[in-house]
Amino acid sequence: MDNHIILKVSRGMAAFMTCITLAACAAGTVTTPERTLKTVYGDKFLIGTAMNARQVAGEDSAAVEVVKRHFSAVVPENCMKCENIHPEEGRYDFRDADALVDFAEAGGLTVTGHCLIWHSQLAPWFTVDDKGQPVSAEVLKERMKEHITTLVSRYKGRVKGWDVVNEAIMDDGSYRKSPFYEILGEEYIPLAFQYAHEADPDAELYYNDYSMSIPAKRDAVVKLVQSLKEQGLRVDAVGMQAHIGMDYPGIDDFEQSMLAFAATGVNVMITEWDMSALPTVSRTADVSDTVAFREAMNPYPDALPDSVSEAWNARMRSFFELFLKHADFVTRVTAWGVTDGDSWKNDFPVPGRTDYPLLFDRDYQPKPFVQALCNETE
Ligand code: XIL
């Protein structure tokens, strides 16, 4: 090809590229990067979501698309819990957890491990002997150490931080009388942190719990974190689950707890954010028969009325603004699921309801407050 032809070809290419660029600009696709939670707020804190095994396996590609576009962090909703990952003594099933970590790594998403020591979804064998009697303190320590070491070292360098102990404090501030507590006393908590740190000294370690706005619980968690720190243990953040409702908690109480936890010198993470749009469960006299009760408890089986949706969006927005206000110590905000259709709240605390607690609706569309947050410039 002589120079003349090369010039002609490259001029042709340039004209062609200009056309493409102009067309793309006209369609608004080149100059403006898409405004998503991650692109707009990702410099404030990690924006996370829980993922279920079906999503990770690619069986819900629309949910995967939402995760990739809007979120910078993920947490497994169930597959790292003891009953799933360590169902029998000496037998682990890492398949779903490995898939989640691989998925996150491929997409540049930060992973939180959830959770190492929890009384719920605990494998039935974990705290008892072959006759079903509680094991000795020594045996339980050995089992905890083996479980924690196996998980934390398997994902060393790939999981950024772990919910080491989940839900150890009751709403009145007392210790939950879990099998761990019954056998080891409060000592099981520092031990869990110690084992996790030994397995991966670089991993962040968190204490995670719900109903954190209740003053008695707030105080107990503050004391617990202080005591862990006094013992020289690593603890990076308090995780506030934030499974909230339309009428609880008060946003000021929530903020008081955020500030109290931060004052101990750790970060705060909003770890399981969702807000039920349904009535809080309480059986009152005027709905005494079961059918009336069921209907009263599941009032929006088809769609959320506009007035409720507006109130829900306004309250969710206020919470997000609170998280932004404290972005100096809030390091992650994680929704407990991708879309309303996936949420555990459809079955908790009452099974079979239709709830609307998450940031994306059943059609994978952002809720109005999410859309508004994404469209705003600071
Ligand atoms: C829930 C899951 O979302 C459900 O799928 C499962 O059936 C029960 O557990 N606190 C926690 C989470 O720390 O692990 C729980 O997740 C919700 C409450």
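Contact here means heavy atoms within 4.5 Å. By that criterion, and not counting residues up to four places away in sequence, Thr112 touches Val74, Val75, Pro76, Val159, Gly161, Asp163, Tyr206 and Arg332. The model is predicted, so local features need pLDDT of at least 70 and side-chain atom pairs count only at pLDDT 80 or more, while totals for chains, interfaces and linings use all residues. Residues are numbered from 1 along each chain as its sequence is written, and side-chain values use heavy atoms, with hydrogens and water left out.

Thr112 belongs to strand S3, residues 110-117; helices (H or I, at least four residues) and strands (E, at least two) are DSSP runs, numbered from the N terminus. Its relative accessible area is 3%, which means buried (buried is under 20% relative accessible area, exposed over 50%, partly exposed in between, with a 1.4 Å probe and protein chains only). The side chains of Thr112 and Arg332 also form a polar contact at 3.4 Å. That term covers a pair of N or O atoms within 3.5 Å; within protein, one must be able to donate a hydrogen and the other to accept it, and residues adjacent in sequence count only if both atoms are side-chain atoms.

Now for the chain as a whole. The protein chain has 14 helices and 9 strands, and 49% of its 378 residues are buried. Among its contacts with a separation of 6 or more, 77% come from residues 24 or more positions apart. Its accessible surface comes to about 17400 Å², with 53% belonging to carbon and sulfur atoms (Shrake-Rupley method with a 1.4 Å probe; for residues, only the protein chains shown count as cover).

On to the ligand. There are 13 residues around the ligand, and Glu77, Lys81, His114, Glu272 and Trp336 come nearest (near is one heavy atom of the residue within 4 Å). Ligand oxygen atoms lie 3.0 Å from a side-chain N or O atom of Asn78 and 2.9 Å from one of Asn166. A nitrogen atom of the ligand is 3.2 Å from a polar side-chain atom of Glu167. Taken alone, the ligand exposes 420 Å², and the protein buries 79% of that.

Elsewhere, Asn313 is part of helix H13, residues 306-325, and is buried, at 8% relative accessible area. The side chain of Asn313 reaches the backbone nitrogen of Phe369 at 2.9 Å. Leaving aside neighbours within four places in sequence, Asn313 is in contact with Lys367, Pro368 and Phe369. Glu182, in helix H8 (residues 179-184), has 54% relative accessibility and so counts as exposed.

A cis peptide bond joins Tyr248 and Pro249, with omega about -15 degrees; Pro249 lies in the loop between strand S7 (243-244) and helix H11 (251-263). Another cis peptide bond joins Phe348 and Pro349, with omega about 0 degrees, and Pro349 lies in the loop between strand S9 (330-335) and helix H14 (368-375). Ala242 has phi near 65 degrees, a positive value in a residue other than glycine, and is buried at 8%. For Tyr364, phi is near 70 degrees, again positive in a residue other than glycine; Tyr364 is in the loop between S9 and H14 and is partly exposed, at 28% relative accessibility.
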